[in-house]
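Dear colleague,

Please find below the structure that I am handing over to you. My notes on it follow directly after.

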Amino acid sequence: MSFIWMLIVGGLIGWLAGIITGKGVPGGIIGNIIAGFIGAWLGGLIFGNWGPEMGGFAIVPAIIGAIILVLIVSFVMRKMRRNHA
């Protein structure tokens with residue numbers, strides 16, 4: 001059950017990052033979960049594990065890390081579209 005809870009919280013973190021940045025995460029629900037997990041890892045590396053914790057994620061650094069990740073991914077996707085057009 002704890003793994004399912006981690007997937008749900010990771011998906012919510014990725015979804016919130018997409019809403020905050022105004023940019024969609026490619027891949028729908030799976031993309032949100034991946035962005036949440038990678039964002040939590042990235043946020044933990046940059047900011048440490050502080051603040052409230054849910055599903056094994058420190059929420060504040062995870063959301064900030066996911067926002068950074070979404071911005072990077074959207075920038076790369078935009079550059080790739082320009083190069084192919």
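How many nonpolar, polar and charged residues does the lining of the largest pocket have, by class? The lining has 8 nonpolar, 3 polar and 3 charged residues. Here Ala, Val, Leu, Ile, Met, Phe, Trp, Tyr, Cys and Pro count as nonpolar, Asp, Glu, Lys and Arg as charged, and the others, Gly among them, as polar.

Please note that this is a predicted model, in which local features need pLDDT of at least 70, side-chain atom pairs count only at pLDDT 80 or more, and totals for chains, interfaces and linings use all residues. Residues are numbered from 1 along each chain as its sequence is written, and side-chain values use heavy atoms, with hydrogens and water left out.

The pocket

The largest pocket has a volume of about 200 Å³. A pocket is an open set of points on a 1 Å grid over the protein atoms alone, where a 1.4 Å probe fits, with protein on both sides within 12 Å along at least five of seven lines; lining residues have an atom within 4 Å of a point. The volume is the space filled by probe spheres set on the points, which are joined across faces, edges and corners. Of the 14 lining residues, G24, P26, V70, V73 and S74 are the closest to the centre of this pocket. Helices α2 (28-47) and α3 (59-84) each supply at least two residues of the lining, and α3 gives the most, with 7 residues. Helices are DSSP runs (H or I, at least four residues), numbered from the N terminus.

The helix packing

The axes of α1 (residues 2-21) and α2 come within 6 Å and cross at roughly 90°. Axes are lines fitted to C-alpha atoms, for helices over the stretch in contact, and angles run from 0 to 180 degrees between N-to-C directions. α1 is therefore roughly perpendicular to α2, a term for angles of 65 to 115 degrees. Their contact (heavy atoms within 4.5 Å) includes W15 of α1 and F37 of α2. By class, this contact has 7 nonpolar, 5 polar and no charged residues.

α2 and α3 pack at an angle of about 110°, with their axes 6 Å apart. That makes α2 roughly perpendicular to α3. Among the residues in this contact are I38 and F47 of α2 and P61 and L69 of α3. The contact of α2 with α3 has 12 nonpolar, 4 polar and no charged residues.

The axes of α1 and α3 come within 8 Å and cross at roughly 55°. The residues of the contact of α1 with α3 divide into 12 nonpolar, 1 polar and no charged.

Note on methods. Angles under 35 degrees count as roughly parallel, over 145 as roughly antiparallel, 65 to 115 as roughly perpendicular and the rest as oblique.
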